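Okay, thanks for coming, everyone.

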Amino acid sequence: MVEMNRRRLLAGGAIAGTAGLAAGCDCGPATDLSAGAAGGLAERELKMVTTWPKDFPGLGTMAERTAQFITEMSGGAMRVKVFAAGELVSAFESFDAVATGAADIYHGAEYYWVGKSKAYPFFTAVPFGMTATEIMAWTAFGGGQELWDELAAGFNIKPFIAGNTGHQMGGWFKRPFDSVEDLRGRKIRMPGIGGEVLRRIGASAVALSGGEIYQALQSGAIDGTEWVGPWNDLAFGFYREAKYYYWPGFHEPGAQLGVGVNLDLWNGLTLQEKSIIDGACQRANHLSIAEYGHFNGIALEQLVNDHDVQLRQMPEDVMAALARETKIVLEEIGASDDISRRIFESYKEAIRRSGEWSRISDEAYMATRRRVFDL
Ligand code: CA
């Protein structure tokens, strides 16, 4: 599969260096480009559904931006109208809406489609899994995109990376904890595989949508919650209800946002139109990583300095127990069917490679640079 991408890169000639091709987009032969450029772009109205509330910082705004980029980059020929969660369909109906052609594009997080395939979380984030740069590397060059294409094609969808929150925090807690024993029975909002892992160490994990969390924390219906990171969490005001903010998050080490395009629509687009959608998604991805990096730092200072938030490191025995259970859960997912097995194998191979490199580069370097920058 990697070889196929390399051949496409070579076949791309003058545009071989563009990020779109490097990301393994299914762009077809380079000759289509001149045909598209000569013929101009057809006027299209495209409906984008999303899994986010309207103007939700970082998430809803990223969907809006992706749509805006497509419209702009096509000189207004491809006009994308965005529907926030609930406007055309509910958040979790976005997938089926695009699969059936009721909508053209969705912007969301792939792990919301876990009911369609247990392998979907690998394309957002799994506990103790890849960071933002690692998942981009796997997707673009390590065979991830080809497997993702194959998985999504089974549902009539063409998928793209279109954002990343970066590393997420471990969450907000009303009372601190120092051991696995302390967490037993506590009601914690954490969706997905992270929630399943928490349940297996004895906590009571609940899945609440974004809009339900604050009220549940305020009323005491839950003892703690994860959401995203300092920037998005500050906006929600969780610090008013819970003062203990745990790091690092084990469950979403670089949560990737995704775009899905109806596959029939995608197959009928010209190379230029495909390149515009691919390019817009990558522009959105780049911007979101930069945005989270910038605003998380600012928000963290505010939480600690202005709101008396207590930062606490996840206890070692808790992390060890979470890691032990994560291994078991991921193996179960990998054994669930053929494509899940192949995705899991590819993911493991890629994280082993990038992890060994990260160990002697980022990991070692981060620990030492504080000598200069007073970190
Ligand atoms: Ca989260």
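Let's start with R65, which is partly exposed at a relative accessible area of 22%; buried here means under 20%, exposed over 50%, and partly exposed in between, using a 1.4 Å probe and protein chains only. Before I go on: this is a predicted model, where local features need pLDDT of at least 70, side-chain atom pairs count only at pLDDT 80 or more, and totals for chains, interfaces and linings use all residues. Residues are numbered from 1 along each chain as its sequence is written, and side-chain values use heavy atoms, with hydrogens and water left out.

So what does R65 pair with? It forms a salt bridge with E291, with the closest N and O atoms 2.9 Å apart; the rule is a side-chain nitrogen of Lys or Arg within 4 Å of a carboxyl oxygen of Asp or Glu. E291 sits in helix α13 (residues 271-307) and R65 in helix α4 (residues 60-73), 226 residues apart. E291 is buried, at 11%.

By that rule there are 22 salt bridges. Another one joins D149 and K158 at 3.0 Å, N to O. Both ends are tucked away: D149 is buried at 18%, and K158 is buried at 4%. There's also a salt-bridge network linking E150, D338, R341 and R342.

Q168 and W227 are both buried.

How values were computed. Helices (H or I, at least four residues) and strands (E, at least two) are DSSP runs, numbered from the N terminus.
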